[in-house]
Amino acid sequence: MCRNVRAVLLYRSILKQHRALPDKMRELGDAYVKTEFGRHKNAEPKFLGPFYTQWEEYLRILEEKSGGGGGGGASPPPTTKLGFPIIANPYPSSNPNAIVVRAVP
């Protein structure tokens, strides 16, 4: 698939899934997606594979939380045993497969 077509389809699908989020979360998510896709618009092909893979995983998670169709509401964030919500780090680490989480008091 042409890289531009893949990017556009992925971008639109993510924004469509964001419609199920509360307004503030949707605004933040849409802005972040727009910025990241803009930054990778002219990226070298070797960086695009991992970029698309991570965003496709994010889209899959959004679809699971919304029931798969893009209409349901997002579930509340997972919590630790102490009841603090867990927030995933949106910034990539040196390990592309690592998921960094932290408890928010």
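**View 1. The second largest pocket of this predicted model holds about 250 Å³ of space.** The model is predicted, not experimental. The lining of this pocket counts 12 residues. Asn4, Ala7, Val8, Phe37 and Lys41 are those that lie nearest the pocket centre.

View 2. The most come from α1, which gives 5 residues. Sorted by class, the lining has 6 nonpolar residues. Another 3 are polar and 3 are charged.

**View 3. Helix α3 runs from residue 45 to residue 66.** This helix has 22 residues. From first C-alpha to last, α3 reaches 31 Å. That is close to the 32 Å expected at 1.5 Å a residue.

**View 4. One face of α3 is lined by its buried residues.** Leu48, Phe51, Tyr52, Trp55, Leu59, Leu62 and Ser66 are buried. Seen down the helix axis, the buried residues of α3 fall within an arc of 100°, so they line one face. An α-helix has 3.6 residues a turn, so residues three or four places apart point the same way. Lys46 and Glu64 lie on the other side of α3 and are exposed.

**View 5. Gly67 follows helix α3.** The phi of Gly67 is positive, near 90°.

Notes. Residues numbered from 1 in each chain as written. Predicted model: local features only at pLDDT ≥ 70, side-chain atom pairs only at ≥ 80, totals over all residues. Heavy atoms only, no water. Helix = DSSP H or I, 4+ residues; strand = E, 2+ residues; numbered from the N terminus. Expected span 1.5 Å × (residues − 1). Buried < 20%, exposed > 50% of the residue type's maximum accessible area, 1.4 Å probe, protein only. Arc of directions from axis to C-beta. 1 Å grid on protein atoms, 1.4 Å probe; cavity = no way out; pocket = protein on both sides within 12 Å on 5 of 7 lines; lining within 4 Å. Points joined across faces, edges and corners; volume = space filled by probe spheres on them. Nonpolar A, V, L, I, M, F, W, Y, C, P; charged D, E, K, R; others polar.
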